[in-house]
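User: Got a model open and want a quick walk through it. Can we keep it short?
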Amino acid sequence: MKTVVIGLLGVQLDQPRKSRDRWNHWRPSVAVCQQDDLIVDRFDLLVERRYSKLAEQVIGDITTVSPETRVQRHNISLNDPWDFEEVYATLHGFCRKYPFEPEHERYLVHITTGTHVAQICLFLLTESRHFPARLLQSSPPTTQRQTGRNSPKSDERLSVGTYQIVDLDLSRYDDLAKRFKQEHDEAASILKSGIQTKDPAFNAMIDRIERVSLATKAPILMTGPTGAGKTRLAKRIYELKRNRRQVDGPFVEVNCATIRGDQAMSTLFGHTKGAFTGANQARAGLLKTADTGMLFLDEIGELGMDEQAMLLRAIEDKTFMPVGSDRPTCSDFQLIAGSNRDLLADVAGGKFREDLLSRINLWTFRLPGLSERRSDIDPNIDFELHQYAISTGDKVTFNQDARKAFLRFATDPSTAWQANFRDLNAAITRMATLSDNGRITNNLVSEEIIRLRAGWTSTNPNEPSHTLLKECLDDVAIEQIDRFDRAQLSEVIRVCRTHKSLSAAGRELFQASRLLKTRANDADRLRKYLARFGLQWEDVQQSN
């Protein structure tokens, strides 16, 4: 395979101080062709027309020191070699027309000559693979003279210097690869709130979100059930981009389900003074507030059609009209949208604009619910306990047996986790608040499990036990029971009806805490619990 060097004529470095003394001074374009271990088959030399005389001398000297090198001259025109736009355009145009043959030739882009602007442009065009090449950097010798090959006279000593070839495929460099991996791990940790998640599919999604977030300002759409963590992830994406200095403005969030009609227009796009009754002063609006930052529109499917049309223009043109204004306002923000609805179905039903959906779903990520990530429940428990400690100042931990019991329940396929991470957060918060001396016990775990199950059952109209309380108590008695106790009692009644005795039902209901008692009288504990609500065993069994 032939070796081809592409480089600019060095107006200063390739110019000898004296023509007769030129062999005693380092000239990078010539020296490249004098290296003992680098055979240059062709040198494509880019020359500004006004330096034709110097180019002829350099070409002649290259031919002298390296007869095997064919020098091909390419004339370029630069009015100002320090003008970045002009230099980049010129070099970009050159590489677009160049007949690269990477199957037969390997290319080295010499970045030692030319202005600093030209060197930067050559680097950028090589890094972007416009030049399918590696970089060639040459350096002067440490002493004024050193021996080289092919001198014009056998006894003449030449200034050859050294060279280095730099491959911009950074994966080839172990130390750099380690640094990039560390940087990647730090970015992933930010997106996962520092939680050591184990679910492979979720980790793969986080990796993709990291790449997309850092590579583009295009809108991102996050779907998934309520409580899956869309808001938290949006904030983490903002934090990641801010750390990389990709956003300067604030993180602005709004739940679109909480705004309607004129309020939605004013909240999002702002209004002028006197735009409507009560508008005593102008309001910037959230889109303007998010300028140079990030706007998170949760439940975007709840926006009205008029707001959707204005939002589409704001995304595409970065301008919008505040309510009551005849002058457009500019705002350059990145949009992250969240939705737990099927927006495609809403488009088909005429509830969501098809053009807006096309604009915001370039990058779409579905966040799985907690029931789809059961392997991540354990580290999320630690995260929730840590968050509780931060907010209250109290450090709380589980007893070993209590943690095992809660994990058995949490990871069981039958456990619904209907509100996803909100359920887990609420459960940990309740148990931590009720803990004695900072320890969550089996009794607290048992109570929480009953409460969660009852809550999920009572919110499911298809579940037969939804009406269990009415079968055992009248409306007056039910109204006197707190909502928390209604959920718990409903679950107790359901369990009782699956057993033939108080003892059997008690063993299931108190399966964790009974192990800590010297004498486990499950039947008596259950009888006393039912008595709190004026019920007996026969009352809850009557419909069985």
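User: Let's start with a loop residue. Leaving out residues up to four places away in sequence, what does alanine 284 touch?
Analyst: Alanine 284 touches Phe269 and Gly270. Bear in mind that this is a predicted model.

User: Where is alanine 284 found?
Analyst: Alanine 284 lies in the loop between H8 and H9.

User: And is alanine 284 buried, exposed or partly exposed?
Analyst: Its relative accessibility is 46%, so alanine 284 counts as partly exposed.

User: Zoom out. How many helices and strands does the protein have?
Analyst: There are 22 helices and 15 strands.

User: What share of the residues is buried?
Analyst: Buried residues are 47% of the 544 in the protein.

User: And contacts across the sequence: what percentage join residues at least 24 apart?
Analyst: That figure is 72%, counted among contacts between residues at least 6 apart in sequence.

User: Now the largest nonpolar core. Which members touch the most others?
Analyst: Leu287, Leu295, Leu297, Ile300, Leu311 and Ile360 do. This core holds 30 residues.

User: Which elements supply at least two residues each?
Analyst: On the strand side, E8 (251-255), E9 (294-298) and E12 (334-339) do. The helices are H8 (261-269), H9 (286-289), H10 (305-317) and H12 (354-360).

User: Which one gives the most?
Analyst: H10, with 5 residues.

User: Pick leucine 287. What is it in contact with, leaving aside neighbours within four places in sequence?
Analyst: Leucine 287 contacts Leu268, Phe269, Leu295, Leu311, Ala314, Phe320, Ser331 and Phe333.

User: Which residues does the second core include?
Analyst: Leu370, Val396, Phe421 and Leu452 are among them. That core is separate and has 27 residues.

User: Phe421 sits in a helix, I think. How do H13 and H15 cross?
Analyst: H13 covers residues 377-392 and H15 covers 421-434. Their axes come within 10 Å and cross at roughly 55°. The two helices are therefore oblique to each other. The crossing is right-handed.

User: Which residues make the contact?
Analyst: From H13: Asn380, Ile381, Glu384, Leu385 and Tyr388. From H15: Phe421, Leu424, Asn425, Ile428, Thr429, Ala432 and Thr433.

User: What's the breakdown by class?
Analyst: The contact has 7 nonpolar, 4 polar and 1 charged residues.

User: Where is tryptophan 417, and is it buried or exposed?
Analyst: Tryptophan 417 is in the loop between helix H14 (400-411) and H15. It is buried, with a relative accessible area of 1%.

User: What about threonine 292 and its phi?
Analyst: Phi of threonine 292 is also positive, near 65°. Threonine 292 is in the loop between H9 and E9. At 40% relative accessibility, it counts as partly exposed.

User: Next, proline 368. Where is it found?
Analyst: Proline 368 is in the loop between strand E13 (363-366) and H13. Its relative accessibility is 12%, so it counts as buried.

User: What is proline 368 in contact with, skipping neighbours within four places in sequence?
Analyst: Phe202, Met205, Ala228 and Arg373.

User: Last topic: H20 and H21. At what angle do they cross?
Analyst: H20 (residues 502-509) and H21 (residues 522-531) cross at roughly 85°, with axes that come within 7 Å. That makes H20 roughly perpendicular to H21.

User: How many charged residues are in that contact?
Analyst: There are 3 charged residues, along with 5 nonpolar and 2 polar.

User: And how does H19 pack on H20?
Analyst: H19 (residues 483-496) packs with H20 at about 130°, with the axes 9 Å apart. They are therefore oblique to each other. Val492, Val495 and Cys496 in H19 meet Ala505, Glu508 and Leu509 in H20. By class, that is 5 nonpolar, no polar and 1 charged residues.

Note on methods
Residues numbered from 1 in each chain as written. Predicted model: local features only at pLDDT ≥ 70, side-chain atom pairs only at ≥ 80, totals over all residues. Heavy atoms only, no water. Core = buried A, V, L, I, M, F, W, Y, C linked by side-chain atoms within 4.5 Å. Buried < 20%, exposed > 50% of the residue type's maximum accessible area, 1.4 Å probe, protein only. Helix = DSSP H or I, 4+ residues; strand = E, 2+ residues; numbered from the N terminus. Contact = heavy atoms within 4.5 Å. Axes fitted to C-alpha atoms, helices over the stretch in contact; angles between N-to-C directions. Parallel < 35°, antiparallel > 145°, perpendicular 65-115°, else oblique. Left-handed = near helix turned anticlockwise from the far one by under 90°. Nonpolar A, V, L, I, M, F, W, Y, C, P; charged D, E, K, R; others polar.
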